[in-house]
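Welcome to my notebook. I opened this structure for the first time today and jotted down what I looked up, one entry after another.

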Amino acid sequence: MKIKPLQIGSLIIDNPFVLAPLAGYTDLPFRLLCREYGAGLVFSEMISCHGLSYHQQKTCDMLKSTPQERPVAIQLFGSEPAVMGKAAALISREPIDCIDLNMGCPVKKVTKKGAGAALMKSPELAAGIIRAVCANTDKPVTVKFRSGWTHQSKNAPEFAQMAEEAGASAVTIHARTWSDGFSGTVDWDIIAAVKRKISIPVIGNGDILSYEQGLAMMEKTGCDGVMIGRATLGNPWIFQQEKPSPDPRIRLIALKRHLQLIADFCDPQWALSKIRSHAGKYFKGLPHGASIRNDIYQATEFSQVRELVDMLLQEPSFAQEPEEQGKQQTDND
Ligand SMILES: Cc1cc2nc3c(=O)[nH]c(=O)nc-3n(C[C@H](O)[C@H](O)[C@H](O)COP(=O)(O)O)c2cc1C
């Protein structure tokens, strides 16, 4: 299959494989790492429009970016058109490439305020939000949503049409309903139905575990891009077409680079907590992975994690050929 660039408004993205917004994970260092490994576009964690409009320091810190990560999309969540519009105006002053609107988050803290996936039950309010954001920015606006609220009320194609008419330049569909949460199977048919309904680009999302699966999703549904979330963790080379090497050394080198990016771009007081959520993922399925993960969780200083990785890189077992590793015991998480 021939890969075509993804065009979102005036933004042209060479690789249509993009990094999903993942709260707690897609901070600046991880976004940079994914860009270095080939992600065409990276999405920030969801950012509260209220936090931005009240200039809350912690929320504003989430906007931190650097030219090397561009193109970058900043994701906003909220349920009030005026506040979303104000937040869009504020972030449009930053060097960003796209504003994404979260209309798919299933978390109760978000939906009980009428935001995230709850907006799929109120398409008129959702349209008001999209219009308010588009009126307050010159950046392309994208909307991320689910198949619908429940299986009885799947409305993704109509919702996508509403988003297009309200001014969105592309949509992402996580092909599960709110009621599914993160369980059940992803419904590729609804991605195809969304694609048939609108003329702006459609990005498919949900349970993609490899580049090949992403290609299959594009081929079977006609979607224009693929968004990958959980499978990027400890696995940032998923954005590359070449077969990823299972060599544990490559994993360690990626982790070493991730640590460097954290050191370069994060406040030192948060560095250890930033890598803790990620580090274990690099050792999934590797010989002695469980004990290495344990050592990382025991570390009390960021520098200890860096020393551990440097030490592991010196170990002969991490330079072995993949065939040799297969003969060893692997942990099976
Ligand atoms: C830990 C975690 C955090 C997430 N945070 C966000 C978020 O901030 N905004 C959003 O739109 N989706 C969020 N999602 C949903 C993902 O972007 C994505 O739609 C979902 O994980 C399905 O894709 P995947 O199977 O490739 O992970 C999150 C998912 C997870 C597991």
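**Entry 1: D207 and its loop**

I began with D207, which counts as partly exposed, with 17 C-beta neighbours inside 10 Å. My cut-offs, with C-beta atoms placed from the backbone: a residue is buried if 20 or more other C-beta atoms lie within 10 Å of its own, exposed if 12 or fewer, and partly exposed in between. D207 sits in the loop between strand 9 and helix 9. Its phi is positive, about 65°, although D207 is not a glycine. I noted that most residues other than glycine have a negative phi, and most peptide bonds are trans.

A reminder to myself: this is a predicted model, where local features need pLDDT of at least 70 and side-chain atom pairs count only at pLDDT 80 or more, while totals for chains, interfaces and linings use all residues. Residues are numbered from 1 along each chain as its sequence is written. Helices (H or I, at least four residues) and strands (E, at least two) are DSSP runs, numbered from the N terminus.

I then looked up H55, which has a positive phi of about 55° and is not a glycine either. H55 lies in the loop between helix 2 (49-53) and helix 3. Is H55 buried or exposed? I found it exposed, because it has 9 other C-beta atoms within 10 Å.

Next came a cis peptide bond, from R70 to P71, with omega near 10°. I placed P71 in the loop between helix 3 (57-61) and strand 5 (72-77).

**Entry 2: strand 7 and its partners**

How many of the eight residues of strand 7 are buried? I counted eight of the eight in residues 141-148, so strand 7 is largely enclosed by the rest of the structure. Strand 7 pairs in the parallel sense with strand 6 (residues 98-103) over five bridges; pairing here takes at least two bridges found by DSSP. Across that pair, D100 has T142 of strand 7 as its bridge partner. Strand 8 (residues 170-177) is also parallel to strand 7, over six bridges, and there T142 has A170 as its bridge partner. Between strand 7 and strand 8 the chain passes through helix 7 (residues 156-166), in a right-handed β-α-β crossover. Right-handed means that, with the strands pointing away from the viewer, the path from the first strand over the helix to the second runs clockwise.

**Entry 3: helix 8 and helix 9**

In helix 8 (residues 188-197), I noted I190, I191, A193, V194 and K195 as buried. What covers them includes strand 7, helix 7, strand 8, strand 9 (202-205) and helix 9, counting C-beta atoms within 7 Å, placed from the backbone, as a contact. In helix 9 (residues 211-221) I picked out L215, which is partly exposed because 16 other C-beta atoms lie within 10 Å.

**Entry 4: domains and ligand**

An automatic or database domain assignment gives the bounds: domain 1 is 6-239 and domain 2 is 248-326. Their C-alpha centres lie 30 Å apart. I found 12 residues of domain 1 in contact with 13 residues of domain 2.

Last, the ligand: which residues come nearest? Of the 21 residues around it, they are A20, P21, M46, G229 and R230, where near means a C-beta atom, placed from the backbone, within 6 Å.

Conventions:
Two residues are in contact if their C-beta atoms, placed from the backbone, lie within 7 Å.
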